[in-house]
Amino acid sequence: MKLDAKRREYDIVVIGEESHVAYNRVGLTSFFQHRKVENLYLNPKEWYLNVPPGSLNYHLNTRVIEIHPEHKLVSCSSGEMVPYDVLVIATGSDALLPRHTPGHNAQGVFVYRTIEDLENLIRFSAERKGTHGAVVGGGLLGLEAAKAMMDLEAFEKVHLVERNRWVLSRQLDSDAGGLVVDQVKALGLDVLLGKRVGKIEVTDDNHVKGVVFEDGDKMDCSTICFAIGIKARDELARSAGIKCADRGGGIVVGGDLSTSVKDVYAIGECASWESQTFGLIAPGIEMADVLSFNLTQAKVHSYRKFKRPDLSTKLKLMGVEVASFGDFFCDRDGPKHLPLRAGKKQPSQDDLSKLTDGPPPSPVKALTYKDPFQNVYKKYLFTLDGKYLLGGMMIGDTRDYVKLVPMVKNQKMLDVPPSQFILGASKEGDEGEDHLDDDTQICSCHNVTKGDVVDTVKDGTCKSIGDVKSCTKAGTGCGGCMPLVTSIFNTQMKALGNEIKNHICPHFNYSRADLYSIISVKKLKTLQEVMKEAGNDAKGQGCEACKPSIGSIFSSLYNQHVMKKPVHGLQETNDRYLGNIQRNGTFSIIPRVSAGEITPEKLIVLGNVAKKWNLYTKITGGQRIDLFGAKKEDLPAIWQELIEGGMESGHGYAKSLRTVKSCVGSTWCRYGIGDSVGMAVRIEERYKSIRSPHKMKGGVSGCVRECAEAQNKDFGLIATEKGFNIFVAGNGGASPKHSELLAKDVPPDDIIPILDRYLMFYIRTADKLQRTARWLEALPGGIKYLRDVILSDSLGICVSLEAQMEELVGSFFDEWAEAIKTPELRKKFAQFNNTGETVQNMELEEDRGQLRPVYWAQDSSKVDFKNTKWTSLAWQPIIEASHFKGADDAPNGISATVKRGDTQLAVFRVRGKYLASQQMCPHKRSFALSDGLIGDSKDKLWVSCPYHKRNFELNGEQAGRCQNDEEVSIATFPVEEREDGMVYLKLPPVHELDGVLGTKMWMVRKGESGDNPFAKLDRRIGANGVGMKGRKPEAAKQQLMAREPSIDW
């Protein structure tokens, strides 16, 4: 349909015997977690309603019973006759059932093929709790079925029966397959190898009670799932006289996928191409691509032919990483194809030579690596001269898969010895990209190749990393590819002779340090003033990148309350509500506990607050207590109680000083040299609340034993006989770095002036969101230069640095206390601005005696909300216009969260305009868009989701589009203010709105995240480790020996 969109040559009719629209069979196993058929649909039902009229029609629950090629008609089970001009047969395959085996038709025998098969298995297993289940077949599907039966948690034991000596025998050799067997056994699966089912034993009422193997062994079970292969469904074509391969071998097709009958084609598992059928999804998709192109585009292009498909696979089966690529059995079966340069013809042998000399030597050499300790196996297959990689397989460590597949595909001559493929694989942290080909996938979340990034830079489309993320979506998924993406971008920019700019965002041609200087010198105090003096558009609105940085600079210079109107709209959601927003829209609260020192009275206050509001509690890594799960509307009341108990904000939500960690030092410890607690308290109390380019953490240790870990902090002190050694610019986190020695044996009285200078110099000169470690690395001259500036005053600015810090720390106030005593600020903490109702945005579950939100759903919502077709729209009064008073002077306008029926909506007033959208961000189904920062480019406005920075356009022709993730979108609605003092939204009826956007429909529920991440561990040690409690050492040893006899005690 996509290829035919302009020509509209075809009206497509889809006829399917199942009751569902097209769904993803590869994802069948996930059905056992979410039990929602809709989650498997390739397109949501709404997509079918929104296609151009007449372009697509489909029949469900309808089976084609006969094809009439001479009349170009098909007969359906419904009695209907459907005409065609072009017929595409995509009947797939049937799961094999051993009908020669006695008992194959008993109650309790299943196959693993369709949603109906799974639903039947789920229902049946619920009636057989505590019995044993069995899966026959140890291939890909068999392991999937075994995992599914284990996930049901209905069977006491699940057995996997495989006739070969190892599992995955179609993808792996015996060594690799054996390694997989060991790992799945460790997960609790009982694996029986070299076994064939001879008979299924049944009860008097024909229910399965066990199996008898061909060798006479027996096994009790109530349920059997056969996953022993598939058979192409070619009977419909065969009965119509279309040529098919022998013994159900599929419908014979040519390179253009045509059958022996004109205008009839076959694709997918039912098609036999060059005497082969393919049971993997990739060849089927390739067939569909080739055929759809030829039917729509080949009139103006050359025809495409289906070529030998790449059967490489990389997947995770029961937690085990498995990959095979290229001609992975060419050492066993001989190579199917050799590169032309390597394919020298072997001298022929006569029959006598074969008898006397044996078979000719294999034209293949294998390089094998096996690590039984890490469960890693790699076998790479090369030509005899080692110049070409032909294929291979991997278990455990599959990181090199993306590099190796293109080498095999392209038959590229290798420029390194084969041994380097194994030895190089274990190198960590190598983000080099020079050796990568352009077709190498660098972002697996969105299938972005190196060439995609290179092309966008070369053609001038992308001039910044942000542009690359928007254009290609690289880095917008898990984010793990960003170091490599950045490296590729920088390399290409340098190669083109371009300057790699450090501008804070497209709204400014300045870095964060430049803006700090401009704002400081000119004493600018509003976003409008900064845009006028330094922005590329004097009337610009800014964006999610520059606003928080400018807000942070204002706080570092003037320390205004971040919730006051001139700066509130510049803040991220955490600063906006003075708490850390969590996955379910609630907040965590971290009171200040300077140096980790706390009185019993304050501990009781914390306990009472946590108990009263049912908050999840946890000790932080910085020696504080974190209270999770506070609803936004409850924050002021919780703060009130904490403040009355003598506590204040710990600024855990801010880019500021978090904690100064300490050991007890000389106050208690017999090894202590210095009073580490006393020093840490004084430092934390001095620098608390000051905003900085990124968060800062400190530490003070009382001796060289370093119990406070001061050497991995932004600043740290270690007591010596003469004072303290001062360390700077270290951090933990994603890129840990040891700090560097700034000064030795500093007397306690001199500590504060040195830290004043260091921290203020960092605040003045660091880049946006740059930790002190990265700042020092980028500083010309490094630690030597920093010593010169801070200790020797080489720039003559130390007096200025100290004075500025003194002014800043002298302006301290408790942000929580100011918020609760200011009625205007307290109003901002309502969940909805048009009603006092409250709703829960995500299900909770109990974990170790406390409530927490369920895990994120695995996938984003791909529903095309942007193009939702409503049956009707009518203007509805939603909220008083007075709520938006002063919006046109605020840096982010003013937003509102409103509730209508069960649907949450976001309303904005920005630049004199009203805008409205759904409140839910489809990326993680979080209800948060009204709290997002507004960005602009000319007349285009967008809102940036505060969770993961998905940017959704709010106006113009593309309203609802996500700029940096095309897979998601939002619904937008017309909005206007009227003379009656109300703001009206043009909305569909409540029931229709709730049917598309209702909170109950989209709130994340338990089970949507997939497997329990601790399932394997809990089977070994008991849930949360309780199985290890209260046992004597000898008893524990005996239990482990019984469970894993391979351990050598």
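This briefing walks through the aromatic ring contacts of the structure above. The model is predicted, so local features need pLDDT of at least 70 and side-chain atom pairs count only at pLDDT 80 or more, while totals for chains, interfaces and linings use all residues. Residues are numbered from 1 along each chain as its sequence is written, and side-chain values use heavy atoms, leaving out hydrogens and water.

**Ring pairs**

- The structure holds 23 aromatic pairs (rings of Phe, Tyr and Trp, the last by its six-membered ring, with centres within 6.5 Å; planes under 30 degrees apart are stacked, over 60 edge-to-face and the rest tilted).
- F328 and F329 form an edge-to-face pair, because their ring centres are 5.3 Å apart and their planes stand at 65°.
- F328 is buried at 13% relative accessibility, and F329 is buried at 9% (buried means under 20% relative accessible area, exposed over 50%, partly exposed in between, with a 1.4 Å probe and protein chains only).
- Y380 and F421 also pair edge-to-face, at 6.5 Å centre to centre and 80° between the planes.
- Y380 sits in strand β23 (residues 376–383) and F421 in helix α11 (residues 419–423), so this pair ties together parts 41 residues apart in sequence (helices, H or I of at least four residues, and strands, E of at least two, are DSSP runs numbered from the N terminus).
- Y380 is buried, with 0% relative accessible area, and F421 is buried at 9%.

**A cluster**

- Y577, F587, W639, W816 and F829 are linked into a cluster by ring pairs.

**Charges over rings**

- The charged end of R332 sits over the ring of F329, 3.8 Å from its centre (NZ of Lys or CZ of Arg within 6 Å of the ring centre and within 35 degrees of the ring normal).
- Likewise, R852 places its charged end over the ring of Y855, 4.2 Å from the ring centre.
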